[in-house]
Amino acid sequence: MRDLVPDRAGCLSVDGVGITRKGKALLDVSRLSLDGPGPTLILGPNGAGKSLLLRCLHGLIVPDQGQVRQDGAILNAEHKARQAMVFQQPVLLRRSVAANLDFVLKRQGLPRATRKIRIEELLAEGGLDGKTRQSARSLSGGEAQRLAILRALALEPETLFLDEPTSALDPSATQMIERMILRASTRGVRIVMVTHDIGQARRLAADIVMMQGGHVVEHGAAKQVLDAPESDAARRYLAGGLVT
Amino acid sequence: MQGFASEFSSAIALILNGDAELWAIVLLSLKVSIFAVLISAVIGMPVGAALAVARFPGRRMLIVLMNALMGFPPVVVGLLVYLMLSRSGPLGVLELLYTPTAMIIAQVVLVTPIVAALTRQVIEMLAEEYSEQLRSLGVSRLASVPVLLWDARLALVTALLAGFGRAIAEVGAVIIVGGNINHVTRVMTTTIALETSKGNLALALALGAILIGIAVAVNAMVSTLSLRAEREGLRHA
């Protein structure tokens, strides 16, 4: 079913991207092309460069070398405006739940009445209806992350990046967030998500980017990468072996 | 001992009977300090926020200077403002010396560094937390300033109250530039100093009690707001 979703996000590609700090290559990706509808899950051990790659794709970090391209053109402000990102630790404004959503809707220039309706729709989508006036900082971990995802979706992005959004959550909160991600994907939002949870990759991914030591060691259809990995690093990681 | 007791009871009577002279002094003190804090907020908050968010050469030096100004001796501030406003000073033509305006100026000079320094601390801490998220949402560095100021509002009110506490309790600078003129520039602190030296302890004690009451109320508000700000995940660094 997911394969039938039109890919409105186009092709996001990485061309010789490198980041070096204190003589150490933290990221070195010669070529990577994300042109399927996703969800794409970036998998790998800590320090593999997953979050760095995500930040480069979103334009939060400018790499020392190489370029990130959208449909062949170097990533620019217009492209970035069609992307959104959710972080591992949700960063919520010190305002009410509704005001966090209103903040991004207002920036889109929507009139008050439209914003109100949109906020209600979004809160219902994330199961947060009834918490409209509650301080966003008083939400539980799962609720806070759901609000962060809703705020990102309020931007109506073509691509949504998620950096380990469920790493600190229990299974039921994780399940709710995975459902939100799948629903967004079904609606045509390209999902690019970092995780080191193999089970999550199996549940969500259409394709998987496997990383190790700043390199992409494998990229392919989820079933193929998870069931018949080609690289030693991917095989060891999936087998639960220590990968450094 | 009996003398002190009678001074105390006279002081309480002055407060309870609504002594016109006493309350005029209290009102002037509040007016001067509230105006001074409001002006300091208008100057200090944007300066503090800009120092927290902007990156430019000499920024670190400005922060050190601002922090140093927080501890500037009030009498020296009074002297400098006096020199500026005195007849032969650069602003002498305005004839502001020995007016409540002169006292407001002196308090602004004292309070602005406090407001600016505390604002910088609070905003810098919040900016660090919000930075990636705001950039991700397409908010520029400049456009992030009002967002940060609004979200740090509780901590910023605390900074203003701290500034007000300093202003209302200040004596050295306002006595130099205000001159302690009866019914014109006589505020609580300067009256306490004068009346004590004259032996009129009842008025001094009454004003002292009111000043302590204001200080306690301000501190209670600071504590309450700090607690709330802490609960919201934001307090002074």
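In which order do the four strands of the open sheet in chain A stand, and is the pairing parallel or antiparallel? The order is β2-β1-β4-β5, and the pairing is antiparallel. This is a predicted model, in which local features need pLDDT of at least 70 and side-chain atom pairs count only at pLDDT 80 or more, while totals for chains, interfaces and linings use all residues. Residues are numbered from 1 along each chain as its sequence is written, and chains are lettered from A and ligands numbered from 1 in the order in which they are written.

**Chain A overall**

- Chain A holds nine helices and ten strands; these are DSSP runs numbered from the N terminus, with helices being H or I of at least four residues and strands E of at least two.
- Its radius of gyration, taken over C-alpha atoms, is 18 Å, close to the 18 Å of the globule rule for 244 residues, so chain A is as compact as a globular protein of that length. The globule rule is 2.2 Å times the number of residues to the power 0.38.
- The C-alpha trace of chain A spans about 55 × 40 × 40 Å along its principal axes.
- Of the 244 residues in chain A, 45% are buried (20 or more other C-beta atoms within 10 Å of a residue's own, with C-beta atoms placed from the backbone).
- Take the contacts in chain A (C-beta atoms, placed from the backbone, within 7 Å) between residues at least 6 apart in sequence: 67% of them join residues at least 24 apart.

**Strands of chain A**

- Nine bridges join β1 (residues 12–21) of chain A to β2(A) in the antiparallel sense, and A:G18 has A:D28 as its bridge partner in β2(A).
- Elsewhere, β3 (residues 40–43) of chain A runs parallel to β8 (residues 190–195) of chain A, with four bridges between them.
- β3(A) also pairs in the parallel sense with β9 (residues 207–212) of chain A, again over four bridges.
- A:L41 has a bridge partner in each of these strands: A:M193 in β8(A) and A:I208 in β9(A).
- From β3(A), A:T40 and A:I42 point one way and A:L41 and A:L43 the other, and all are buried.

**Where the chains meet**

- On the chain A side, 13 residues are in contact with twelve residues of chain B.
- α2 (77–81) and β6 (83–86) of chain A each supply at least two residues of that side.
- The touching residues of chain A comprise eight nonpolar, one polar and four charged.

**Chain B and its helix α4**

- Chain B has ten helices and zero strands.
- Its C-alpha trace spans about 70 × 45 × 25 Å along the principal axes, and 42% of its 237 residues count as buried.
- Helix α4 (residues 74–85) of chain B has twelve residues that should span 16 Å at 1.5 Å a residue, and its end C-alpha atoms are 16 Å apart, which agrees. The expected span is 1.5 Å times one less than the number of residues.
- The buried residues of α4(B) are B:P74, B:V77, B:G78, B:V81 and B:L85.
- These residues cover an arc of only 100° around the axis, which puts them on the same side of α4(B); the arc is that of the directions from the helix axis to the C-beta atoms.
- They pack against α5 (100–136) and α8 (172–178) of chain B.

Notes
Buried ≥ 20, exposed ≤ 12 C-beta atoms within 10 Å, placed from the backbone. Contact = placed C-beta atoms within 7 Å. Nonpolar A, V, L, I, M, F, W, Y, C, P; charged D, E, K, R; others polar. Pairing = 2+ DSSP bridges.
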